[in-house]
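Welcome to this short tour. Please open the structure in your viewer and keep the selection tool at hand.

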Amino acid sequence: MEPRARNTGENIRFSRSLLVEAGLEVSTVLLITKPYEERRAYATARKLWPEVEFLSTSSTMMLET
């Protein structure tokens, strides 16, 4: 878990650094976000870490009427 990030971009950069420092080779990353953030998080991740395959998901949120 990466506790310092203030936004999605920082979270990706800091998490990547932690994984590199741990000596872990990463080929696929699962992004879990809120539904309304999913596309932006995916686009940000692809830009900041282009050599990794990203899978993106979010939990279903119901809108009460």
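Start by selecting residues 8-21, which form helix H1: its 14 residues reach 20 Å from the first C-alpha to the last, close to the 20 Å expected at 1.5 Å a residue (that span is 1.5 Å times one less than the number of residues). Helices (H or I, at least four residues) and strands (E, at least two) are DSSP runs, numbered from the N terminus. A word on the source: this is a predicted model, where local features need pLDDT of at least 70 and side-chain atom pairs count only at pLDDT 80 or more, while totals for chains, interfaces and linings use all residues. Residues are numbered from 1 along each chain as its sequence is written, and side-chain values use heavy atoms, leaving out hydrogens and water.

Next, show the side of H1 that is covered. Gly9, Glu10 and Ile12 of H1 are buried (under 20% relative accessible area, with a 1.4 Å probe and protein chains only). Looking down the axis of H1, you will find its buried residues within an arc of 165 degrees, so they line one face of the helix (the arc is taken from the directions from the helix axis to the C-beta atoms).

Then visit the two ends of H1. At its start, a side-chain oxygen of Asn7 comes to within 3.1 Å of the backbone nitrogen of Gly9. After H1 comes Gly23, with a positive phi near 75 degrees.

Finally, zoom out to the protein chain. Its 2 helices and 2 strands follow the pattern α-β-α-β along the sequence.

Key. Buried means under 20% relative accessible area, exposed over 50%, partly exposed in between (1.4 Å probe, protein chains only). A polar contact is a pair of N or O atoms within 3.5 Å; within protein, one must be able to donate a hydrogen and the other to accept it, and residues adjacent in sequence count only if both atoms are side-chain atoms.
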